[in-house]
Every structure is written in structure tokens, then in C-alpha cells.
Amino acid sequence: MGRAKHGRCRRGVRPAVGSIGRPGVGLGEVRRHFWRAIAQGLPSEDAAALAGVSPAVGARWFRQNGGMPNVTLTPPSDRFLSFAEREEIALLRAQLYGVREIARRIGRSPSTISRELTRNAATRNGYVEYRATTAQWHAERRAKRPKAAKLSNRNP
């Protein structure tokens, strides 16, 4: 009864579906630590331990990237908000501080804070809330390369 037509098991003909899982948040810095350790000559298991991830994850990162880092080893510039700044924005926003007061306390422009609150808000069940983890995930997702060219003409 458990066999499909042509004698094959049904389970064997289904396409493999990988689990997406929870998206990693703030992994950029962890990956930078990992690849710096690799650059110093450590094996992937030791580099993973230094970065704070399991040896299996380190081996997978190394294998998936062919031994080359997929992130730049230089830390991101001050032009972009860090995860710590996003957490601070979320805390101040939860305490009902305004955009200008948050900007003053963080040392950023009010337009930056306003854009961050608008662009990276979590919309769940119809409520618009700002969460640092969601905002960081959105920012990292948008920063990935390669990006489609702005002037590419797909409609002839």
C-alpha cells in the first residue's frame, strides 16, 4: 500500500523541501569574526568556536562559500545604523519618546530616525511596531548583493 506507481516509494519522489527557519539577525558581525579567524589560518571548527557558532555551522559557511568570505572583513561604516543603535531606538520608542528626542539621545539626524521607524517597522496583526531584530533583518536583507540594476529594462 505504501508504494506509488512504477514501484517507487512516494517519499522518494517528492522534492526535498528545506526548512527556512528563523532568519539570522546580526550575523554579519559573527561571520566577520569567523572569516577573520579563517584568515589567521585556523580550521573552520576552531574559527566557529571563536565566533560563537557551532562547528557544523562553521564548516557549512566554509563549504558554501568555497573558502572565501561572503562578507567584507572591514566593519560597517558609521553611515549605517548598528544593531545596538536599533535596540536603543526601540527602547526609546517604547518609552514614547518622539523622533527628535530619540535623535538627540543617539546622536543621529531626526530624518534618519524617522526613516528608520518608517522603513523597518514590523507590521504584525495590523499594528505597526518597531522591533530592533526585525529592523536589522530588513536592513541586512536589503544590503545583500547582487542587486538588480536600476536602469535594467525588462519590458521591451
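By about how much of a helix are Arg105 and Glu101 separated in helix H6? Being four residues apart, Arg105 and Glu101 are separated by about one helical turn. Helices here are DSSP runs (H or I, at least four residues), numbered from the N terminus.

A word on the source: this is a predicted model, where local features need pLDDT of at least 70 and side-chain atom pairs count only at pLDDT 80 or more, while totals for chains, interfaces and linings use all residues. Residues are numbered from 1 along each chain, and side-chain values use heavy atoms, leaving out hydrogens and water.

Now to the charged pairs. Side chains of opposite charge can pair when their charged atoms come close. A salt bridge is a side-chain nitrogen of Lys or Arg within 4 Å of a carboxyl oxygen of Asp or Glu. The count comes to five salt bridges, including these:

| Pair | N to O distance |
|---|---|
| Arg108 and Glu85 | 3.0 Å |
| Glu116 and Arg86 | 2.8 Å |
| Arg105 and Glu101 | 2.8 Å |

Glu116 in helix H7 and Arg86 in helix H5 are 30 residues apart, so their pair links distant parts of the chain. Glu101, Arg104 and Arg105 are linked in a network of salt bridges.

How open are these residues? Buried means under 20% relative accessible area, exposed over 50%, and partly exposed in between (1.4 Å probe, protein chains only). Arg86 is buried at 6% and Glu116 is buried at 7%, whereas Arg105 is partly exposed at 47% and Glu101 is partly exposed at 25%.

Note on methods:
Helices (H or I, at least four residues) and strands (E, at least two) are DSSP runs, numbered from the N terminus.
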